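Me: I have a model open and would like to learn how to read its features one at a time. Please give the general idea before each case.

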Amino acid sequence: MHPETKMNWLSIYAFLFFFFIFEKCQTDSHSCGYPPSLWCSSLEIAVECGVLKQCMELNATRPVPSSPPVEVSVYYESFCPGCRTFLTGQLFPTWTMLGDIMRVHLVPYGNAKEFPEQNLFSCQHGKLECQANMIEACILNVTGHAAFPVIYCMESSSDVINAAQPCLQLYAPSVEWGTVESCMRGGLGHRLMHENALKTQALRPQHTHVPWVTFNGLYRDDWEDKAMSTLFNLICKLYKGIKPPTCTGAPTKLDQSFCYSFF
């Protein structure tokens, strides 16, 4: 079997195994208002959802990162079909598996244009896309570590805008929807979009399409080609530290200690 094909199957198996464990835990848990992707994000959530033991075991198998994580920046627009496919089909599953060795930075703007004199933005897929871009920019600003699951939920939906509020309630239940609305209606949302415009315009080389993906601040055609189909393998390859078991497919043996009887 070709090594890349084998790695693809290993990554798929590991991904399915991870969610099988959490689905089982979800069945056993009670009164848990958080989705599985957040169960191990804090001690309080793990206890509330009844998965403390599983989270401790999961953390025990994670190696201490020996090198800086791979920085993945994605310049995209919310209604772009190719962007949505990449975010939901490649980026989110890879981040779920390799979140310890990669950092994701999302920049919703894409092929939009800013008209400062009119205080307006024009988007490739119309006014609704501008609205969705701003919603996602505000969510990134107000939800912190929970932002990516919320945006994944939105981009997976058939209606990105109408999915925003229920996705926020699902993946960031501690954040009120009114906080996002205030961001959009006030000056913050506009400032965030202006910042995204500047980040996109500063790309070198300049972007010619979206999604436009950089790794550690660099863009390469061959990297982007691989990212569109085998992002998991690419992240494992680019990470300079000791590869985690998920990358190598090697079994992980937990350290054990014993109390020996002297009688």
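Me: Among contacts between residues at least 6 apart in sequence, what share joins residues at least 24 apart?
Reply: Contact means heavy atoms within 4.5 Å. Among contacts in this protein between residues at least 6 apart in sequence, 66% join residues at least 24 apart. The model is predicted: local features need pLDDT of at least 70 and side-chain atom pairs count only at pLDDT 80 or more, while totals for chains, interfaces and linings use all residues. Residues are numbered from 1 along each chain as its sequence is written, and side-chain values use heavy atoms, with hydrogens and water left out.

Me: How many helices and strands does the protein have?
Reply: Helices (H or I, at least four residues) and strands (E, at least two) are DSSP runs, numbered from the N terminus. On that basis the protein has 11 helices and 5 strands.

Me: What percentage of the residues is buried?
Reply: Buried means under 20% relative accessible area, exposed over 50%, and partly exposed in between, with a 1.4 Å probe and protein chains only. Of the 263 residues in the protein, 42% are buried.

Me: In what order do the strands of the open sheet run?
Reply: Two strands pair if DSSP finds at least two bridges between them. Here 3 strands form an open sheet in the order 2-1-5, with mixed pairing. Strand 2 (102-108) and strand 5 are the edge strands, each pairing on one side only. Neighbouring strands of this sheet are turned by 15° against each other on average, direction ignored; axes are lines fitted to C-alpha atoms, for helices over the stretch in contact, and angles run from 0 to 180 degrees between N-to-C directions.

Me: In which sense do strand 1 and strand 5 pair?
Reply: Strand 1 (residues 70-76) and strand 5 are antiparallel, with 4 bridges. Trp212 is the bridge partner of Tyr75, and Phe215 of strand 5 stands opposite Val72.

Me: How is an aromatic pair read, and how many aromatic pairs does the structure hold?
Reply: A pair of aromatic rings is described by the distance of the centres and the angle of the planes. Rings of Phe, Tyr and Trp (its six-membered ring) pair if their centres lie within 6.5 Å; planes under 30 degrees apart count as stacked, over 60 as edge-to-face and the rest as tilted. The structure holds 7 aromatic pairs. One of them is Trp212 with Tyr219, stacked at 3.7 Å centre to centre with 10° between the planes. Both Trp212 and Tyr219 are buried. Phe92, Trp95, Phe148 and Tyr152 form one aromatic cluster.

Me: At what angle do the axes of helix 4 and helix 6 cross?
Reply: The axes of helix 4 (residues 81-98) and helix 6 (residues 147-156) cross at roughly 145° and come within 9 Å. Residues making the contact include Leu91, Phe92 and Trp95 of helix 4 and Phe148, Tyr152 and Glu155 of helix 6. By class, this contact has 8 nonpolar, 2 polar and 2 charged residues. Ala, Val, Leu, Ile, Met, Phe, Trp, Tyr, Cys and Pro count as nonpolar, Asp, Glu, Lys and Arg as charged, and the others, Gly among them, as polar. Helix 4 also lies across strand 1, strand 2 and strand 5, at about 155° to strand 2.

Me: Why does Glu155 count as buried?
Reply: Glu155 counts as buried because its relative accessible area is 3%. Glu155 is found in helix 6. Leaving aside neighbours within four places in sequence, its contacts include Tyr76, Arg84 and Glu136.

Me: Which backbone angles stand out?
Reply: Most residues other than glycine have a negative phi, and most peptide bonds are trans. A cis peptide bond joins Arg204 and Pro205, with omega about 0°. The bond from Val210 to Pro211 is also cis, with omega near 0°. Pro205 lies in the loop between helix 9 (187-201) and strand 5, and Pro211 is found in the loop between helix 9 and strand 5. Asn119 has a positive phi of about 60° although it is not a glycine, and phi of Asn216 is near 55°. Asn119 is partly exposed, with a relative accessible area of 49%, and for Asn216, also partly exposed, the value is 44%.
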